[in-house]
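Here are my notes on the model below. Please read them with the structure open.

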Amino acid sequence: MIDYNKIIPEKIQAIKPSGIRRFFDIANEMEGVISLGVGEPDFKTPFAVRQAAIQTLEKGRTWYSANAGMFELRQEISKYLKRRFQLEYQPREEIVVTVGGSEAIDLCIRALLNDGDEVLIPQPSFVCYAPLVTLAHGVPVPISTKAQNHFRLTKQELLDSITDKTKVLILPYPNNPTGGVMRKEHLEEIAEVLREREIMVLSDEVYAELTYNGTHVSIAQIDGMWERTVVVNGFSKSYSMTGWRLGFAAGPAPIIKQMTKIHQYAIMCAPTTSQYAAIEALRNCDLSIEHMRSEYNTRRRLIVDSFRRLGLDCFEPEGAFYIFPSIQSTGLTSEEFCEKLLFAQKVAVVPGDAFGESGEGFIRVSYSYSVNHILEAVKRIEKFLISLK
């Protein structure tokens with residue numbers, strides 16, 4: 001009899017499953033559950049994008065692309081980054097197309113880390129960063145950001161976390177789960193610290209297009225930071241293309257070269273059909289971005305006002321499509337609140353501690369749902385809060 005505990009490496013066994021999924025596994029087995037938990041746009045992929053994909057299938061264009069992605073797509077990504085964010089990258093050497101933004105994050109981490117290198121991760125933040133660092137034999141170092149700062153990374157928090165082993169800083173803004181953003185003045189303070197050190201930045205900008213009250217600013221735009229930054233982005237949120245699994249990374253050629261090499265052996269190339277669809281999205285669907293952002297902004301205001309009316313403290317998010325209200329006034333932990341709410345009123349939200357210890361006392365609520373869906377969920381949450389009194 002094989003002892004699989006001896007076969008499977010300890011580092012793999014020690015990685016916890018995503019805290020997001022547990023509640024949805026329960027919710028999927030219950031009838032009548034209404035969810036505010038999934039981070040997925042409720043808009044269909046733009047019609048023109050779907051049509052472009054269908055046409056390529058009908059023409060039999062289903063072969064492998066270049067490892068780094070179709071050159072035509074990389075050209076469009078280069079134009080897009082220039083058009084939307086004033087970032088300049090050469091399509092041939094400074095861009096790689098990946099299977100979602102998640103693969104781009106994984107490639108970047110693996111391309112940069114030696115064993116024992118430390119990676120600074122502001123938290124609360126998306127669940128994949130720390131496990132991917134561990135898998136690359138690095139050491140994840142969480143930085144607890146604070147609600148009073150709208151969960152932005154501050155200069156002092158960064159300084160307090162840097163050691164002689166620090167290799168990478170992950171900047172996950174606009175932020176999942178908090179909706180926090182880093183404006184230009186905040187990024188300039190971070191850049192002031194990093195320009196003096198050999199530390200790279202992995203800037204996860206997958207929610208860049210969902211920035212309210214102004215436009216997104218990348219740290220790669222800040223003086224002296226382009227050569228220190230790998231920008232990760234994708235099509236899932238901006239073009240409502242989650243299931244197409246397509247992302248990209250842009251950065252200095254020596255790093256993109258190594259990322260492409262890893263991608264070459266692990267994946268070969270991103271799906272060709274998705275790449276053709278993405279070309280159409282980048283060329284002709286900017287108006288779809290504006291429409292979705294406008295709709296999310298309406299929902300954002302509705303849900304923030306609703307939660308504040310319920311007595312749950314909530315700062316107004318400036319990006320992505322999540323709010324991160326405090327539930328500390330209820331006396332429950334994040335896990336207890338979410339579990340009791342699910343069973344009492346059949347509403348699924350995500351406990352804040354799924355995104356790091358500093359998320360304890362909060363819950364993540366997504367507004368990537370229709371207004372009617374949100375209003376029904378709020379009614380149920382109100383009943384639940386009344387029952388706790």
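1. Terms first. Contact, as used for packing here, means heavy atoms within 4.5 Å. Helices (H or I, at least four residues) and strands (E, at least two) are DSSP runs, numbered from the N terminus. This is a predicted model: local features need pLDDT of at least 70, side-chain atom pairs count only at pLDDT 80 or more, and totals for chains, interfaces and linings use all residues. Residues are numbered from 1 along each chain as its sequence is written, and side-chain values use heavy atoms, with hydrogens and water left out.

2. Start with H10. This helix covers residues 253-266, 14 residues in all. From first C-alpha to last, H10 reaches 20 Å, close to the 20 Å expected at 1.5 Å a residue (the expected span is 1.5 Å times one less than the number of residues). Met268 follows H10 and has a positive phi, near 85 degrees.

3. Which residues of H10 are buried? They are Ile255, Ile256, Met259, Thr260, Ile262 and His263. Buried means under 20% relative accessible area, exposed over 50%, partly exposed in between (1.4 Å probe, protein chains only). Seen down the axis of H10, the buried residues fall within an arc of 160 degrees, so they line one face of the helix. The arc is that of the directions from the helix axis to the C-beta atoms. An α-helix has 3.6 residues a turn, so residues three or four places apart point the same way.

4. Now the partners. The buried residues of H10 pack against strands E2 (95-98), E6 (200-204), E7 (229-234) and E8 (247-250), and against helix H6 (100-112). On the other side of H10, Pro254, Lys257 and Tyr265 are exposed.

5. Check Tyr207. This residue sits in the loop between E6 and E7. Why does Tyr207 count as buried? Its relative accessible area is 4%. Leaving aside neighbours within four places in sequence, Tyr207 is in contact with Pro174, Asn176, Lys237, Ala320, Phe321 and Tyr322. Tyr207 and Pro174 are 33 residues apart in sequence, yet 5.6 Å apart in space, C-alpha to C-alpha.

6. Ser78 lies in helix H5 (residues 71-85). Ser78 is buried, with a relative accessible area of 15%. Beyond its neighbours within four places in sequence, Ser78 is in contact with Leu87, Tyr89, Pro91 and Ile95.

7. Last, Tyr4. Tyr4 belongs to helix H1 (residues 4-7). Its relative accessibility is 52%, so Tyr4 counts as exposed.
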